[in-house]
Amino acid sequence: MGVPGGTCRGADLGAGAAPGYRPIWYRGTWPVSGLVAETVQVTTGIRERVRDPERVRRLAYGAVGLIVAVVVTTVEGGLSVPAGWAWLVLPVGLWAIALRPRFRALVFAVCAGFVAMVSTGESVQLGLAAAGLVFVSICEDPARRPWLGWVAGLIGAVGALATALLHQRGLYEQPFAFVAAGYLLATLLRSWSRGHALARETGELRGQAAWLEQRTNLARELHDVVGHHVTAMVVQAEAGQLGDDPGAALRAIAGSGRTALRELDTLVVHLRDPNAAIAVSAPPRLSDIDELLAQPLRQQGVTVQVRLDSEPGLDEIGVLTAYRIAQEALTNIARHARATAAWVELVRVGDHARLRVSDDGIGPPHAPTRGSGLLGIEERVRALGGSWELSRRSGGGTMVQANLPVAKP
């Protein structure tokens, strides 16, 4: 039987246990899944901290400061000057923290050159301090190609070598190696920090570009879809005033209004959630050009002839592009052309599909303004790698022609 307050034996886990019962050993420890989740969370946090250049820089500065403090306070002799002079780099370095980055880099460079110059073969550990000071000087230098740190360190190394030769102590090349090490480490850190910053800025710019593309798509859809329905409502209202059945016109207006409101609601949802796809209606068919888009013109008394190739070679995006271009062109005819006839032709010509929408109206203005409609046509055609033009029809009127590349098999 179980021991109160203790662990539970295996015999106590039989069929007589209450439903949902968990043994004491299970309730007193974390589940394995919880341990795994906690480990993943801790690992992710450490990875994010390590990837932060500013945090890495502060850690590197702390390590350098500790190394410099330990080295200069523990060196006892073997310098070309009294040992106490090396201590000066500590208060000078602390004072430099309050300066601007440019002056800070200069002060650390001077300290690096001084430490390298006073070191000898008996105080080779001062090379670590010189390397650390060169490292901090280069990291703090705001210049694109910093030079203060390594130049000062190099001058100090040359001075140390000259002192060693003058006193006939042999070649003393260690300061050069320490200065080079500090320079290389600082250059690596600066390059990594710059690359990280560029990657972050690139990500932000990509996000802004995606946001602008979404706004552009939304504006184009608002103009093409909602604008078309509103135009149809105006045409139906004008036709109802002159027709014999105003009730039919009102019903048509109500239907167009409901469709416009439904698609407008979908666009508003996209405004609230930019990640949602823009899908204002079911994907259009090319046959809808004749069945839907041409109807407002016909209600105005305009004769509309639609000729569609049975195999134009367009994929779903190409079909949508052709539909929107025809929609914009027919809407402009209804608004501005004062035409009596219009023609829509979509045929395949070689490796592209040619869409031509023309009318016999008053023709395009001499200097057409590039409003939202024409801009939308240009954006759609350019996205597919096609071409388009707005010109005067040979028999009078306006012609919009777009050449869209066919889908690759």
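This is a predicted model: local features need pLDDT of at least 70, side-chain atom pairs count only at pLDDT 80 or more; totals for chains, interfaces and linings use all residues.
**Notebook: an aromatic pair, a sheet and a glutamate**

I started at W150, which is partly exposed because its relative accessible area is 33% (buried is under 20%, exposed over 50%, partly exposed in between; 1.4 Å probe, protein chains only). Residues are numbered from 1 along each chain as its sequence is written, and side-chain values use heavy atoms, with hydrogens and water left out.

Next I searched the whole structure for aromatic pairs and got one. The ring centres of W150 and Y183 are 6.2 Å apart with the planes at 65°, so I logged the pair as edge-to-face (Phe, Tyr and Trp rings, six-membered for Trp, pair with centres within 6.5 Å; planes under 30 degrees apart are stacked, over 60 edge-to-face, the rest tilted). The pair links distant parts of the chain, with W150 in helix α7 (residues 148-166) and Y183 in helix α8 (residues 174-242), 33 residues apart. Helices (H or I, at least four residues) and strands (E, at least two) are DSSP runs, numbered from the N terminus. I checked Y183 too: it is partly exposed, at 32%.

Then the sheet. I traced five strands in an open sheet, ordered β1-β2-β3-β5-β4, with mixed pairing (two strands pair if DSSP finds at least two bridges between them). The edges are β1 (303-308) and β4 (387-392), each pairing on one side only. Between β2 and β3 (residues 352-359), which run antiparallel, I found eight bridges. V344 stands opposite V357 in β3. Helix α12 (residues 316-337) lies across β2, β3 and β5 (398-405), at about 10° to β3 (axes are lines fitted to C-alpha atoms, for helices over the stretch in contact, and angles run from 0 to 180 degrees between N-to-C directions).

Which strand holds E345? I found E345 in β2 (residues 341-349). E345 counts as buried because its relative accessibility is 17%. The E345 side chain makes a polar contact with the R307 side chain at 2.5 Å (a pair of N or O atoms within 3.5 Å; within protein, one must be able to donate a hydrogen and the other to accept it, and residues adjacent in sequence count only if both atoms are side-chain atoms). Leaving out residues up to four places away in sequence, E345 touches R307, R354, L355 and R356 (contact means heavy atoms within 4.5 Å).
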